[in-house]
Amino acid sequence: MHNKYKKIIIATAVASALTGITGCVGSNAVTAKVMQFNVEVVDNRYARGGLNILMAPVYGISVAVDYLIFNSLGFWTGTNPLNGKPHIFDTKVDATFKINDDLDPSLKEAPIKPIANLRIIETGVMTQVDDNTLKMDITYSNGDKAVLTGVKQGQLVTYYIDGVVVSETSMEQLQAFTTS
């Protein structure tokens, strides 16, 4: 039992250290969304200031989420998964101390491939296959193509991208969505 607790403490310390080192700086994408909401709700600077005070707990949570999750992911993958921006530590500047030339190339870039594949849909052409099936041929801005298919079976609709199930909704959920 004693060894188990020791391992948990060490793993927690390592995780905290890695997050502390990498999460404190980044694009703060969640907090940026909260700030955007704050500014877009009302056009008056004093009302925005009041709303900012009321939203202080939300800002605290958004900063924590950025710090613990998204800025750390951005550091380790090189790209923030929410906004696709490169990590601030990868910014090209005229640095005072130049050490990259003396380092192994593996120490110059993020070690993990980005987990988000941020592609923008350029076109989507919808066709009805039969009474229970809709298909959309998607072309992304980078030239990739995909097929999104929705198949209704009873009261459920199953969605596939390139033949792989990605989601399922009920007709009731779809009706609620269209009325909202």
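Helices here are DSSP runs of H or I with at least four residues, strands are runs of E with at least two, and both are numbered from the N terminus. The model is a predicted one, with local features needing pLDDT of at least 70 and side-chain atom pairs counting only at pLDDT 80 or more, while totals for chains, interfaces and linings use all residues. Residues are numbered from 1 along each chain as its sequence is written, and side-chain values use heavy atoms, with hydrogens and water left out.

**View 1. Proline 86 in the loop between α4 and β1.** With a relative accessibility of 57%, proline 86 counts as exposed (buried is under 20% relative accessible area, exposed is over 50%, and partly exposed is in between, using a 1.4 Å probe and protein chains only). Setting aside neighbours within four places in sequence, proline 86 is in contact with Gly78 and Thr79 (contact means heavy atoms within 4.5 Å). Glycine 74 sits 12 residues away from proline 86 in sequence, with a C-alpha to C-alpha separation of 7.2 Å.

**View 2. Helix α2 packed with helix α4.** Helix α2 covers residues 29–41 and helix α4 covers residues 56–77; they pack at about 155°, and their axes are 7 Å apart. For the geometry, axes are lines fitted to C-alpha atoms, for helices over the stretch in contact, and angles run from 0 to 180 degrees between N-to-C directions. That angle makes α2 roughly antiparallel to α4 (under 35 degrees counts as roughly parallel, over 145 as roughly antiparallel, 65 to 115 as roughly perpendicular, and the rest as oblique). On the α2 side you'll find Ala29, Val30, Thr31, Val34, Met35 and Asn38, which meet Val58, Tyr59, Ser62, Val63, Val65, Asp66 and Phe70 of α4. Sorted by type, the residues of this contact come out as 9 nonpolar, 3 polar and 1 charged. In that scheme Ala, Val, Leu, Ile, Met, Phe, Trp, Tyr, Cys and Pro are nonpolar, Asp, Glu, Lys and Arg are charged, and the others, Gly among them, are polar.

**View 3. The hairpin that joins β1 to β2.** The link from β1 to β2 runs through 2 residues. Which residue in β2 is the bridge partner of isoleucine 121? Look for tyrosine 140 in β2. Aspartate 130, found in strand β1, is partly exposed at 38% relative accessible area. Its C-alpha is 9.4 Å from that of valine 151, a residue 21 places apart along the chain. Threonine 133, found in strand β2, counts as buried at 12% relative accessibility. Not counting residues up to four places away in sequence, threonine 133 touches Thr127, Gln128, Thr149, Gly150 and Val151.

**View 4. Strands β4 and β5, with aspartate 162 in the loop between them.** Strand β4 (residues 156–161) pairs with β5 in the antiparallel sense over 6 bridges. For isoleucine 161, the bridge partner in β5 is valine 164. Aspartate 162 has a positive phi of about 50° although it is not a glycine, and its relative accessible area of 48% makes it partly exposed.

**View 5. Asparagine 28 in the loop between α1 and α2.** Helix α1 spans 2–23. Asparagine 28 has a positive phi of about 50° without being a glycine, and counts as partly exposed at 30% relative accessibility.

**View 6. The salt bridges.** How many salt bridges does a search of the whole structure find? It finds 2, a salt bridge being a side-chain nitrogen of Lys or Arg within 4 Å of a carboxyl oxygen of Asp or Glu. Aspartate 94 and lysine 98 meet through their side chains at 2.8 Å, N to O. Aspartate 94 counts as exposed at 72% relative accessibility, and lysine 98 counts as exposed at 56%. Lysine 135 forms a salt bridge with aspartate 137, with the closest N and O atoms 3.8 Å apart. Here lysine 135 is partly exposed at 28% relative accessibility, and aspartate 137 is partly exposed with a relative accessible area of 30%.

Notes:
Two strands pair if DSSP finds at least two bridges between them.
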